[in-house]
Amino acid sequence: MQIGFIGTGTISAAVIEGLQSLPEAPEIVVSPRSESTSLALAAKFRNVSRAGSNAEVARADIVFLGMRPAHLDEAMAGISFDKGQIVASMVAGFGLAEIKARWPQATACRFVPLPGIARGVGPMATYPAVPEIVRLMAPLGDLFVAADERRLQFGGLSAFMSSYFELQRALIDVGTGAGLSETEARSYVVSLLGMLADTARHTPAQSFDGLAAEHQTRGGLNERVRAELLEKGWFDVPGAALQATTGLGYKTLG
Ligand SMILES: NC(=O)c1ccc[n+]([C@@H]2O[C@H](COP(=O)([O-])OP(=O)(O)OC[C@H]3O[C@@H](n4cnc5c(N)ncnc54)[C@H](OP(=O)(O)O)[C@@H]3O)[C@@H](O)[C@H]2O)c1
């Protein structure tokens, strides 16, 4: 079985890294753009080869689409798929109905990986459950099979990644502003956030809602900061911003 990637950018590279870490790493063929990424992947992994064109990749048994929405039409112009081929689109906003309308012969699904897939960690989502895709990806992190397409984006939660790092940067800046060196502040913040994520991971469902209260002393520092942020409506802002992303079609996205 050969797996193809059309659009060999950041996320395709992460998925390929993950797949190549499997004990039985699959044969992969990648489209030639981005030149530096596709060349690097082919040089790094014995089972990865760089095709001469997108059309060549489109002959693989499973074809992942990994270009930005704005490049979809150009990248896939003139490309068709046969019955028996699987098209797994990672392109944001490219709906299942649009995929099926374009390539009615193929088996279609959407797949939303996140960068941690390169190291086999973190969430990813797919819809509908195409058995070959589920089997392939399940070892590479926490695979969520969405109950319907509307829920594939998990309410927009995957769009929180860069904001998370922006928040991390703001916290580091608090540290350096208080006189810590960049290295000290960064190490502290990374350790703090890592500890909190690890605590959440090890907390059973019945105790989950108590985490915030458990991490503050009555009248103490954490309680004061949380109360101030709650009063400012700070926690309502991400919900609205994330939710707004879920209805965007690929023609709106860049
Ligand atoms: N990054 C994430 O965490 C993430 C997660 C889930 C889903 N996605 C989705 O995955 C897609 C790619 O995101 P990304 O962050 O990986 O973007 P990216 O790094 O910009 O990768 C896009 C790739 O598509 C290539 N490309 C552009 N036009 C092409 C064409 N005509 N034929 C073949 N390849 C072409 C680009 O090549 P050049 O560099 O040569 O232009 C680039 O290698 C997006 O639709 C995004 O919504 C991303």
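How far from an oxygen atom of the ligand does a backbone N or O atom of Ile11 lie? The separation is 2.9 Å, which falls within the limit for a polar contact (a pair of N or O atoms within 3.5 Å). The structure is a predicted model, in which local features need pLDDT of at least 70 and side-chain atom pairs count only at pLDDT 80 or more, while totals for chains, interfaces and linings use all residues. Residues are numbered from 1 along each chain as its sequence is written, and side-chain values use heavy atoms, with hydrogens and water left out.

For Thr8, a backbone N or O atom is placed 3.2 Å from an oxygen atom of the ligand; for Ala92, the corresponding distance is 3.4 Å. Of the 890 Å² of accessible area that the ligand has on its own, the protein covers 77% (Shrake-Rupley method, 1.4 Å probe).

Helices α1 (10-20) and α4 (72-76) are the elements that give two or more residues to the shell around the ligand (helices are DSSP runs of H or I with at least four residues, strands are E runs with at least two). In total, 21 residues surround the ligand, and the closest are Thr10, Ile11, Arg33, Ser34 and Met67 (a residue is near if one of its heavy atoms lies within 4 Å). By class, this shell comprises 10 nonpolar, eight polar and three charged residues, with Gly counted as polar.

Arg33 and Ser34, both among the closest residues, are joined by a cis peptide bond with omega of about -10°. Ser34 belongs to the loop between β2 (27-30) and α2 (35-44). A cis bond also leads from Tyr127 to Pro128, with omega near -10°, and Pro128 lies in the loop between β7 (123-127) and α6 (131-137). Phe154, although not a glycine, has a positive phi of about 50°; this residue is in the loop between β8 (142-145) and α7 (161-177).

Turning to the aromatic rings, there are seven aromatic pairs (ring centres within 6.5 Å; planes under 30 degrees apart are stacked, over 60 edge-to-face, the rest tilted). One of them, Phe5 with Phe64, is stacked, at 4.9 Å centre to centre and 15° between the planes. This pair links distant parts of the chain, 59 residues apart, with Phe5 in strand β1 (residues 2-6) and Phe64 in strand β4 (residues 62-65).

Notes. Polar contact = N/O pair within 3.5 Å; in protein donor to acceptor, adjacent residues only side chain to side chain. Phe/Tyr/Trp six-rings, centres within 6.5 Å; stacked < 30°, edge-to-face > 60°.
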